[in-house]
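Work through the two exercises below with the sequence and the model at hand. Each task is followed by a stepwise solution.

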Amino acid sequence: MTRHFLRDDDLTPAEQREVLELALEFHADRFLRTPLKGPRAVAVIFDKPSTRTRVSFSVGVAELGGYPLVIDAAGSQLGRGEPVADTARVLGRQAAAIVWRTFGQERVEEMAAHAGVPVVNALTDEFHPCQILADLMTVAQHRGGVDALAGQTLAYVGDGANNMAHSYLLGGATAGMHVRIGTPEGFLPDAGVVADATRIAASTGGSVLVTSDPVVAVAGADAVATDTWVSMGQEDQQSEREAPFVPFALDATLLAHAQPDAIVLHCLPAYRGKEISADVLDGPQSVVWDEAENRLHAQKALLTWVLEHA
């Protein structure tokens, strides 16, 4: 059966653990395995601008022995309205896997339904699962390995309705973490995602908390994460979106409520002085540059895993 990675809970806790362990191995030896030797191509499609996703998947596919076939959707027939299913059938006959950074979740689901090869969600409006794999790997690096993830408290403050909050809920619960989302009342995560995360946490020993109090979210946390308040496609709403989030800005005062050795995560790009202060982003507790690098290792591990299970 072809395995896809469209949302964080497409991996079971045991499977997530396998991928994270392999990611740490790739960090130690970047050319550990070459499942794309040939080279075999991986189609990497971009409907949205990208720096880290484009770089990490392009470099990662090459280091796995493959050829990164990078496609900007605007310059392809997808951009002219070709049905996703038709593009999927064409790519699936020529590429070993498909990676897509796009808008609605239904697009990657349709691609997966028709491609016949593994499809990886490189970001949708609803989920960002590859980023969360890198984040979990980063926490594991700084907390004694994958075994140490279970029982850690991960707090996210900011827009609770965005893809990062949804993926922290699902991915963190899968890892057995205590996930807290601190967000204004009008920006709550999707109720279905919260229900799924709660169900997963019940089986892994983790927990889920959604709160409108940023201090409650961060209190005693082992890792604190945030993200931009204005996601791609929301630029015209910037002025009205920012005001509700000001109390959730990750600055030194808010971070002081976490554990003294808490680490700080941000998927980038970051806007210093908005969702995170410069002294926190560039300070000693920040691990954002490790986190950015770990996109490479985590995604190589994921691609290796889905190809082996295809």
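**Exercise 1: the sheet**

Task: state the strand order and the pairing of the four-strand open sheet.

Solution. Step 1: the order is S2-S1-S3-S4, with parallel pairing; strands are DSSP runs of E with at least two residues, helices runs of H or I with at least four, both numbered from the N terminus, and two strands pair if DSSP finds at least two bridges between them.
Step 2: S2 (67-72) and S4 (119-123) are the edge strands, each with a single partner, so one side of each has no neighbour in the sheet.
Step 3: direction ignored, neighbouring strands are turned by 20° against each other on average.
Step 4: S1 (residues 41-46) runs parallel to S2 and is joined to it by six bridges; Ile 45 has Ile 71 of S2 as its bridge partner.

The model is predicted: local features need pLDDT of at least 70, side-chain atom pairs count only at pLDDT 80 or more, and totals for chains, interfaces and linings use all residues. Residues are numbered from 1 along each chain as its sequence is written, and side-chain values use heavy atoms, without hydrogens and water.

**Exercise 2: a helix pair**

Task: describe how H5 (residues 129-143) and H12 (residues 288-308) pack.

Solution. Step 1: their axes (lines fitted to C-alpha atoms over the stretch in contact; angles from 0 to 180 degrees between N-to-C directions) are 8 Å apart, at an angle of about 110°.
Step 2: H5 and H12 are therefore roughly perpendicular (65 to 115 degrees).
Step 3: the contact (heavy atoms within 4.5 Å) includes Leu 133 and Met 137 of H5 and Arg 295 and Leu 302 of H12.

Key: Angles under 35 degrees count as roughly parallel, over 145 as roughly antiparallel, 65 to 115 as roughly perpendicular and the rest as oblique.
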